[in-house]
Amino acid sequence: MDATLETSEENGFYDRNAAAKLHERIEKRQQVLAEDVERRKEARQSQSVAEEKSEYFVSTFNAERAGIQELLSDCSGADRPTVTQKLEEATAKMTQLQKFLNDSMIFLSQYQIRVAQGALQKLQASLNETREEALPKKKFTFRARTKAAEKVSDSPPPPPSETVSSGVTKVDEATISEQTGFSNISNESLTKTSEEIQNRDVLLTHLTNCKVRLYGSPSTLHLKHITACEVLCGPVATSVFVDHCSNSVLGFACQQLRTHNTTDTQVYLHVTSRAIIEDCRGVSFAPFCWSYPTLDQDFTASGLDQDRNNWSQVDDFNWLAAGTPSPNWTVIPEAGRKTTWDP
């Protein structure tokens, strides 16, 4: 009798244990099913959000592209100041559109990225073509290196094709009024005054181990093939273009900076639009800090806003990883920045 009762109790325990395990398995299965349903719901929501973002990108990109194309169309038949303004605005919008694409790549498909990049390339080609047609470059030759060199002799100047003793070609006054600069010089201190560069295009090319000081407000500044130089320039009314510069220190204020093929160079910058680098390495930035007696007057003449400086907002066209800083440029630490400059 006791054995039968004990067996019955054991069977009841096992039945209860089996039922508890079955109930636990059912609850776990229901939980798994509920989690699966939630995951699918979140996936559908994420897909919906991605599609909405993609649609927003396409519509915004196309609208901005159309706006740039309209600016380029408005250049046809316009006067030079209007064309210059339209092209500057189109260039700034191109930079913003490129950044918009870079920031959107995280949710765009590869096909959408290729299409957008192709559209930007065509737009850039149209911009370059419009600039060449509307603002053709005049033949460039240099002025004499300094006023002193121009006054060395009262004898008639040599013909335009000849080179004076300073190594700089003399040109007619019409060309002088448009462009000036230094070329093919090593190991010298070079200076231009406000009267020499005001509202003119300045070109510095093939300089090595030179110290350059440009006082005044030029229209544009071009630096090409600059090696181990220190170049400081007053406020530039429009753009600064840097190409093939290495182991140098540059300082200027401008509306826009475009830097290509440049390595191991410090830039002390005041820029009211954006700084753009491409095919660069080891470029570092800090705020523009050069000063000279007529700097405020030159800022006024250039039209640049002294209170607006985007020196640390640099777009790298070779770095498309959204959310990850480009390894090609850095900010100069405050402790390592120059604070004084030789005249």
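**Entry 1: second largest pocket.** I note that the model is predicted.

I then took the volume of the second largest pocket, which comes to about 310 Å³. Its lining is made up of 14 residues, and I listed those closest to the centre: Gln 98, Gln 117, Leu 120, Gln 121 and Phe 317. Next I asked which elements give two or more residues to this lining; I found α2 (80–104), α3 (110–134) and β11 (275–278).

I sorted the lining of the second largest pocket by class and recorded 6 nonpolar, 6 polar and 2 charged residues.

**Entry 2: strand β6.** I turned to strand β6, residues 230–233, and checked which way its residues point. I found Glu 230 and Leu 232 directed one way, with Val 231 and Cys 233 directed the other way. Are these residues of β6 buried or exposed? I recorded all of them as buried, Glu 230 included.

**Entry 3: neighbours of β6.** I looked up the pairing of β6 with strand β4 (residues 211–214) and found the parallel sense, over 4 bridges. Within this pairing I traced Arg 213 to its bridge partner in β6, Leu 232.

I then examined β6 against strand β8 (residues 249–254); these strands also run parallel, and I recorded 3 bridges joining them. From Val 231 I followed the bridge into β8, where the partner is Leu 250.

Technical notes:
Residues numbered from 1 in each chain as written. Predicted model: local features only at pLDDT ≥ 70, side-chain atom pairs only at ≥ 80, totals over all residues. Heavy atoms only, no water. 1 Å grid on protein atoms, 1.4 Å probe; cavity = no way out; pocket = protein on both sides within 12 Å on 5 of 7 lines; lining within 4 Å. Points joined across faces, edges and corners; volume = space filled by probe spheres on them. Nonpolar A, V, L, I, M, F, W, Y, C, P; charged D, E, K, R; others polar. Buried < 20%, exposed > 50% of the residue type's maximum accessible area, 1.4 Å probe, protein only. Pairing = 2+ DSSP bridges.
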